[in-house]
Amino acid sequence: MKWEENVRRVVPYTAGEQPGRKGVIKLNTNENPYPPAPGVERRLRELETDRMRLYPPFPEQTKLASALGACYGIDTDRIFIGDGSDDVLSLAFLTFFQSGRPILFPDITYSFYPVWADLYRIPYRCAALDSDFKIRVEDYIPKAGESPVGGVVFPNPNAPTGVLMPVEEIERIVAANRDVVVIVDEAYIDFGGTSCLPLVDRYDNLLVVQTFSKSRSMAGMRIGYAMGSPKLIRYINDVKYSVNSYTMNYPALELGAAAVEDTAYFKECCGRIVRTRERAQQELGRLGFTFPRSYANFLFVSHERVPAKGIFEKLKENDIYVRYWDKERISNHLRITIGTDEQMEALYRALESIVQ
Ligand SMILES: *Cc1c(COP(=O)(O)O)cnc(C)c1O
């Protein structure tokens, strides 16, 4: 067909499988195994259907930003809210990576980055992680004579490795790249990492992105946010309002605010996952798996003898879903989300019989 010549062709991102069946142990998309804060359910019962006639009206629109501002101790003009952090990151690519020069991100990282880059026709370059799956900071420091990059983006902790970069190293990267925007994707920062958020006061080119999908148990509500200088936030808002003014619906705004207000539950829930993760590192080590030290709600493991692909398939036969990528450098690894203690016990039992 002639019209097909004028189609924007993209290879879409492939998310982990979402088996609809009950009884599946789902450790493949880094969802939180615990429910959202109790206040979320209370607020849900108070929602008024009559409010749904209207476009999200004002106090509601600002309520979530105010709750986040209070939680992180920053003004609301430094916060951008979107429909999951995938929406936030996509708009950030569209807004900030306009130079025509290649942007830079790790070779092993969130596989949505190359998809957005291709979608928006942004050229990119990948810097290889070292053999311990660490980001090599030097690769992100511009060298004399090298052509400048168009921007930088990486997750911290990195996905799917779980490896954490210390804030001092992030600061070196941000300070060395003052002419471009640096996006730090902190989807997993609440599981024991230290956020680089305090740096936004000193660096107006730093955008810190977080999400309700993992540590706040609300992947299905689609809430993400970015924090940065008021100028960055103004630019990304201008682009957002040029695409769709009302990405955030009334329930998401209300329930998101209720989740943020309960800091005690949040800490308790993250702490539980961290404890289960520490235990999982011991158990999996005992079964002959190796992995980089994880600061996320998942482990990136490979077995000393048994190929990852076979383990992945056998686990699936046992209704345990983990994530596997048939990709260069990581085709012998599995990414396993930390579930409840009971789910993890079932995993250890299944793995024990598979690797025997
Ligand atoms: C899960 C994830 C996100 C985004 O999730 P949303 O549900 O869209 O908020 C972003 N970055 C990384 C690295 C992730 O793993």
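The model is predicted, so to speak of local features we require pLDDT of at least 70, and side-chain atom pairs count only at pLDDT 80 or more, while totals for chains, interfaces and linings use all residues. Residues are numbered from 1 along each chain as its sequence is written, and side-chain values use heavy atoms, with hydrogens and water left out.

I begin with the chain as a whole. It contains 10 helices and 13 strands; these are DSSP runs numbered from the N terminus, H or I of at least four residues for helices and E of at least two for strands. The radius of gyration is 21 Å, close to the 21 Å from the globule rule for 356 residues, so the chain is as compact as a globular protein of that length. That radius is taken over C-alpha atoms, and the rule is 2.2 Å times the number of residues to the power 0.38. The C-alpha trace spans about 60 × 55 × 55 Å along its principal axes.

I turn now to the ligand. Among the residues around it are Gly84, Asp86, Tyr110, Lys214 and Arg222, where a residue counts if one of its heavy atoms lies within 4 Å. Helix 3 (residues 85–96) gives the largest share of this shell, three residues.

Which atoms make polar contacts, that is, pairs of N or O atoms within 3.5 Å? A polar backbone atom of serine 85 is 2.6 Å from a ligand oxygen. An N or O atom in the side chain of aspartate 185 is 2.6 Å from a ligand nitrogen. In threonine 211, a polar side-chain atom lies 2.6 Å from an oxygen of the ligand. The protein covers 93% of the 390 Å² of accessible area that the ligand has on its own, by the Shrake-Rupley method with a 1.4 Å probe.

Finally, the backbone. Most residues other than glycine have a negative phi, and most peptide bonds are trans. Where do we find exceptions? The bond from asparagine 156 to proline 157 is cis, with omega near -5 degrees, and that from alanine 159 to proline 160 is cis, with omega near 5 degrees. Proline 157 is in the loop between strand 5 (151–155) and helix 5 (167–176), and proline 160 also lies between strand 5 and helix 5. Phenylalanine 133, not a glycine, has a positive phi of about 65 degrees.

Definitions and conventions
A polar contact is a pair of N or O atoms within 3.5 Å; within protein, one must be able to donate a hydrogen and the other to accept it, and residues adjacent in sequence count only if both atoms are side-chain atoms.
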